[in-house]
Amino acid sequence: MTGIRKRTDRRTLWSTALAILVVAAMTVVASAAPQEEGYVEEIEVEEVLLDVVVTDPSGQVVLGLDEDDFIVRDEGERVDLREATFYSNRRYLGSAQQAQELGIAVDAVPSNRYFILFFHHQHDLLPRLSANLLDAGRRAKQWVASLQPNDYVAVVSYNPKYNLQDFSNDPAVITAAIDRAVQRKDFQAQPAATGSDLPSMAAALPPGDVDRIYEALAMTAEGAGAIRGRKNLILFSIGFGEVTGFGFFRPDIRYYPKTMQTINDNNVAVYPVDLMAADLSPFFMINAMDNVLNQLATESGGRLYTTFNNYLTPLEKIASDNNGYYLLSYELPADAEDGEYRQVSVEMASGRLDARTRDGYVAGSGYPYGAR
């Protein structure tokens with residue numbers, strides 16, 4: 001759902017005395033230079049960011065909404081929104097007659113989109129997956145060729161070594177990284193050069209080794225966390241977890257909750273693409289690990305893809321799903337405790353609209369992964 005950011009509000013106080021106000025989740029810095037009408041006080045306020053995809057009954061992205069159209073609850077209590085900023089690629093807005101009718105200034109809408117292609121190597125469990133992963137990579141390269149200049153793609157492989165090619169909008173760089181990822185070749189990108197305007201994950205990756213897929217996912221989310229807006233992690237995997245007595249898998253409770261909290265706290269939506277989908281037949285229609293992937297998608301505001309003709313289909317649907325979304329912001333509630341995971345929900349004032357988002361965030365900075 002969210003990240004927490006600090007913003008500065010300026011408030012004029014009608015007093016000649018200096019004051020320091022101490023309130024939960026706020027740091028107050030007062031100016032020492034009184035003026036005729038008082039002084040200007042700077043208050044740093046912790047801000048919760050929540051990305052929401054809003055669609056109509058036909059599945060189309062809805063334009064022209066504002067703060068009054070959303071009902072947001074934090075730990076069950078309704079909060080007042082400060083902003084509802086619409087993000088979209090310019091091609092989508094430029095071709096939408098509705099945008100013109102609503103008076104939306106296309107050039108003023110933030111247009112960057114961020115995708116992370118995550119290739120999970122599991123051929124030790126099922127040798128056939130090597131061929132499936134190569135096919136997924138081939139389709140991913142076709143998909144990259146259709147993206148726009150303001151679409152940025154990072155490539156991650158976990159084999160089980162963690163490899164990262166940082167965000168780029170250069171198709172040649174991205175496709176070369178995809179080839180290395182699906183062929184199980186190691187690679188590591190350096191942070192973008194000083195002065196570069198490219199978004200970077202490498203600069204924010206936490207130190208330490210990666211021993212499990214849970215840690216690989218959490219590291220990816222934390223690396224992307226400093227980038228404002230929705231980040232879409234496309235996970236090519238057959239799933240993971242621990243088997244239950246009924247033969248199905250569930251997330252390992254030793255690792256999953258912290259991983260999920262890190263994903264949500266850094267505005268990352270997970271879109272799993274089941275690598276076993278190509279092998280399913282009428283005699284074996286269910287991947288026992290899909291429930292883990294579905295939980296990962298549902299709790300982060302993404303979607304699981306298990307039925308498709310080829311791997312290009314879910315990639316195109318994911319891009320379409322992110323043609324537009326809203327980034328909502330509100331002040332961190334005063335009762336939030338440092339390191340606490342807080343549940344959130346979003347409803348639409350109009351019952352005809354559907355809102356999809358993640359289910360929580362970590363307050364403050366006490367969370368072990370260092371999420372904001």
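1. β3 (39-55) and α8 (312-321) each supply at least two residues of the lining of the second largest pocket. Of these elements, α8 gives the most to that lining, with 3 residues. Helices (H or I, at least four residues) and strands (E, at least two) are DSSP runs, numbered from the N terminus.

2. This is a predicted model: local features need pLDDT of at least 70, side-chain atom pairs count only at pLDDT 80 or more, and totals for chains, interfaces and linings use all residues. Residues are numbered from 1 along each chain as its sequence is written, and side-chain values use heavy atoms, without hydrogens and water.

3. The second largest pocket holds about 200 Å³ of space. Its lining has 12 residues; closest to the centre are Gly-59, Arg-303, Lys-317, Ser-320 and Asp-321. A pocket here is an open set of points on a 1 Å grid over the protein atoms alone, with protein on both sides within 12 Å along at least five of seven lines; lining residues have an atom within 4 Å of a point.

4. By class, that lining has 4 nonpolar, 5 polar and 3 charged residues. Ala, Val, Leu, Ile, Met, Phe, Trp, Tyr, Cys and Pro count as nonpolar, Asp, Glu, Lys and Arg as charged, and the others, Gly among them, as polar.

5. About 300 Å³ lies in the largest pocket. Of its 17 lining residues, His-120, His-121, Gln-122, Leu-125 and Tyr-158 are the closest to its centre. The lining has 7 nonpolar, 7 polar and 3 charged residues.

6. There is 1 cavity of 30 Å³ or more, a cavity being a set of points where a 1.4 Å probe fits but cannot get out. Lining the largest cavity are Asn-112, Arg-113, Tyr-114, Arg-230, Asn-232, Asn-322 and Tyr-325.

Methods: Points joined across faces, edges and corners; volume = space filled by probe spheres on them.
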